[in-house]
Each structure stands twice: as structure tokens, then as C-alpha cells.
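Subject: A structure for you to look at

Hello,

I am passing on the structure I promised, with some notes on what turned up in it. Please open it alongside this email and follow along.

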Amino acid sequence: MNSTFTHDDVELLGKKTLYKGFFKMDEYRFKHRLFDGGWSGEIIREVFERGHAVVVLPYDLINDKVVLIEQIRIPVLESAKSPWLFELVAGMIDAGHTSEQVAIKELKEETGLDALSITKVNQYFASPGGTSERFDFYWAAVDSSNADGHYGLPEEHEDIKVHVVDREFAYKMMADGRIDNASTVIGLQWLQLNYRDLIESNHEK
């Protein structure tokens with residue numbers, strides 16, 4: 001099924017930057033075609049321009065284990081049980097780098113692991129009602145027996161702890177709400193649907 005409208009059905013009336021620091025906030029003025037016919041009136045929306053990012057699911061096919069990282073996320077201080085979240089590896093895509101290059105680099109920086117192989121699964125928008133941010137989602141085959149310790153870049157104030165857990169336990173953490181950040185929920189659900197195929201494909205090699 002295709003979308004009803006395209007880019008041609010949006011009229012951009014103006015765009016200006018409201019704030020530019022570590023992140024950027026832009027204001028859009030626009031009109032768009034309506035499903036009932038005609039055009040909307042002028043609409044003004046602020047958009048959080050955070051850039052695009054990668055998410056990497058480190059999975060040990062041999063031992064059926066997932067590598068999670070734990071780190072503080074201050075935006076959830078007032079709304080989560082704890083501001084330390086269990087997550088997949090992630091990082092922003094810098095200009096001049098491919099998302100695969102960033103995925104491999106972030107995996108090393110945040111877990112100390114090298115990818116035995118890395119595969120792009122899909123891409124998705126994080127919260128398109130308010131931000132343009134898009135995630136490129138990869139899964140990386142890893143040897144989890146080498147995963148341990150604390151990681152992160154001091155210049156980025158990162159303090160990351162690595163955890164190795166059974167796949168089923170990671171999925172249970174997601175199902176009972178202990179893991180409640182979107183990119184990790186999406187990644188673990190994808191793994192639960194596909195791990196048998198991944199293991200079978202690995203046996204056929």
C-alpha cells in the first residue's frame with residue numbers, strides 16, 4: 001500500500017533555525033493537502049533536529065546471548081524507575097561516515113567487542129511527530145565470552161557497563177517492562193522473531 005500523498009502535496013512556506021547548540025531546533029511553516037480535499041491552513045511546527053543514528057544488537061549465535069549496555073539517561077530522570085537504562089549499542093552518524101562504519105565503531109567503543117559480521121536489518125524514525133531522527137538498525141555477530149567491563153569515551157562523559165544475558169532473559173526484561181526504551185524494544189522483538197533463522201543460517205555455513 002502506498003501513501004496517499006507525496007512531497008508534492010506539501011507546500012513549505014518557511015523554515016528557520018530557533019536554536020543551534022549540541023542539538024538544533026528548526027521551525028517549519030507549511031500547508032498540506034487534506035484527505036477530504038483542498039488544503040490545510042498554515043501550520044507551524046518546531047522540529048528537533050538531532051541528526052541520524054545507528055542502533056546495533058550484539059548477538060552471540062553460538063551461546064544464544066545478547067550483550068546489553070547500561071548507562072544514565074538524564075531525560076528520563078523524572079519518568080523512569082531509574083535513569084540508568086539497559087540498551088543496545090547506539091551512536092550518531094557523523095558527516096562523512098557510513099552508518100555501517102559508525103555501527104562497527106560504536107560497538108567497539110561501547111562494549112570493547114569486534115563484530116564478527118554485521119548486517120543491516122531496517123531503518124525507522126524514532127519519533128516523527130517531533131524529530132527528524134532516523135535509526136539504521138544493525139545486528140552484529142559477536143563472541144560474548146569477551147564482553148565484560150566498563151566503556152565509553154571520557155570526552156563524551158560516557159560511563160557504560162556491559163552485561164551479557166541469555167536471549168530469553170533479555171526478552172523477558174523487555175516483556176516485563178524493565179527494558180522500555182524504543183530502540184532496544186524493537187531490537188529484542190526482532191531478535192525473538194528471527195533468532196532461529198540466524199542460528200540455522202550460521203549452521204549451514
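Let me start with a charge over a ring: Arg167 lies over the face of Tyr195, 3.4 Å from the ring centre. Please keep in mind throughout that this is a predicted model.

Tyr195 belongs to the buried residues of helix H3, among them also Trp190, Leu191 and Leu198. H3 covers residues 182-204, which makes 23 residues. From its first C-alpha to its last, the helix reaches 33 Å, close to the 33 Å expected at 1.5 Å a residue.

Now for the wider view. The protein has three helices and 11 strands. Reading from the N terminus, the order of elements is β-β-β-β-β-β-β-α-β-β-β-β-α-α. Its C-alpha atoms fill a box of roughly 60 × 40 × 35 Å along the principal axes. Of the 205 residues in the protein, 36% are buried.

Next, a sheet to find on your screen. Three strands form an open sheet in the order E1-E2-E3, and their pairing is antiparallel. Strands E1 (10-20) and E3 (43-49) are at the edges; each has a single partner strand, so one side of each is left without a neighbour in the sheet. On average, neighbouring strands here are turned by 25° against each other, ignoring direction. E1 and E2, the latter spanning residues 24-32, are joined in the antiparallel sense by nine bridges. If you want a place to check, look at Tyr19, which stands opposite Met25 in E2.

How many aromatic pairs does the structure hold? There are six. One of them is formed by Phe23 and Phe48, an edge-to-face pair with 5.1 Å from centre to centre and 80° between the planes. Phe23 lies in the loop between E1 and E2, while Phe48 is in strand E3, so this pair ties together parts that are 25 residues apart in sequence.

Tyr124 sits in strand E8 (residues 117-125) and Phe135 in strand E9 (residues 134-141), so the pair ties together parts that are 11 residues apart in sequence. Tyr124 counts as buried, with a relative accessibility of 13%, and Phe135 is buried as well, at 13%. Going back to Phe23 and Phe48, ring pairs link them with Phe22 into a cluster.

Finally, have a look at strand E7, residues 89-92, where the side chains alternate. E7 pairs with strand E4 (residues 53-60) in the antiparallel sense, over four bridges. Within that pairing, Ala53 has Met92 of E7 as its bridge partner.

I hope you enjoy exploring it.

Best wishes

Technical notes: Residues numbered from 1 in each chain as written. Predicted model: local features only at pLDDT ≥ 70, side-chain atom pairs only at ≥ 80, totals over all residues. Heavy atoms only, no water. Pairing = 2+ DSSP bridges. Helix = DSSP H or I, 4+ residues; strand = E, 2+ residues; numbered from the N terminus. Axes fitted to C-alpha atoms, helices over the stretch in contact; angles between N-to-C directions. Phe/Tyr/Trp six-rings, centres within 6.5 Å; stacked < 30°, edge-to-face > 60°. Buried < 20%, exposed > 50% of the residue type's maximum accessible area, 1.4 Å probe, protein only. Lys NZ or Arg CZ within 6 Å of the ring centre and 35° of its normal. Expected span 1.5 Å × (residues − 1).
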